[in-house]
Amino acid sequence: VTFTGILFAIAASLGAPPLVFYCWVGMWSALLLFIFSLTSASNSIKYISRFTDEIFSGLIAVIFVHQAITFLFTFNLLNPSVPAATSLLSVVVAMLTFSIAKSCASFKNSRWGTQALRHILGDFGP
């Protein structure tokens, strides 16, 4: 969803038709994957460290947080037709979601439940 949203925003900023732009991104991806499969590029995965994975995960997290803050800002402050109660509720739900995610992260190191349950719930936290 995030990739598609960003892709459509880039297409709109370039003045290109979004579906045609999306099709060309798919064509380029298919071509690169075909080349990678012919050259056995998957053998080079051993040179990619966990650091690369963590950086990419951090980038995805920043994109999601940015989109959420942008939505809250535009929904609450730039839209005068939204009642104050709706604005407050949207901010409260966002903060509640964040606090639940933080508590799930700390649940991984607690004594509650089985180890498998703690691991599953701990994966939902940042």
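Here are some friendly notes on the predicted model shown above.

1. A word on the ground rules. Residues are numbered from 1 along each chain as its sequence is written. Because the model is predicted, local features need pLDDT of at least 70 and side-chain atom pairs count only at pLDDT 80 or more, while totals for chains, interfaces and linings use all residues; side-chain values use heavy atoms, with hydrogens and water left out.

2. The protein chain has five helices and zero strands, running α-α-α-α-α from the N terminus. Helices (H or I, at least four residues) and strands (E, at least two) are DSSP runs, numbered from the N terminus.

3. The radius of gyration is 21 Å, well over the 14 Å from the globule rule for 126 residues, so the protein chain is more spread out than a compact globule. That radius is taken over C-alpha atoms, and the rule is 2.2 Å times the number of residues to the power 0.38. Along its principal axes, the C-alpha trace spans about 55 × 50 × 20 Å.

4. Buried residues make up 9% of the 126 residues (buried is under 20% relative accessible area, exposed over 50%, partly exposed in between, with a 1.4 Å probe and protein chains only).

5. Do have a look at helix 3 (residues 50-76), where F71 and F75 sit four residues apart, about one turn of the helix. Their rings form a stacked aromatic pair, 5.4 Å centre to centre with 15° between the planes. Rings of Phe, Tyr and Trp (its six-membered ring) pair if their centres lie within 6.5 Å; planes under 30 degrees apart are stacked, over 60 edge-to-face and the rest tilted. F75 counts as partly exposed because its relative accessibility is 25%.
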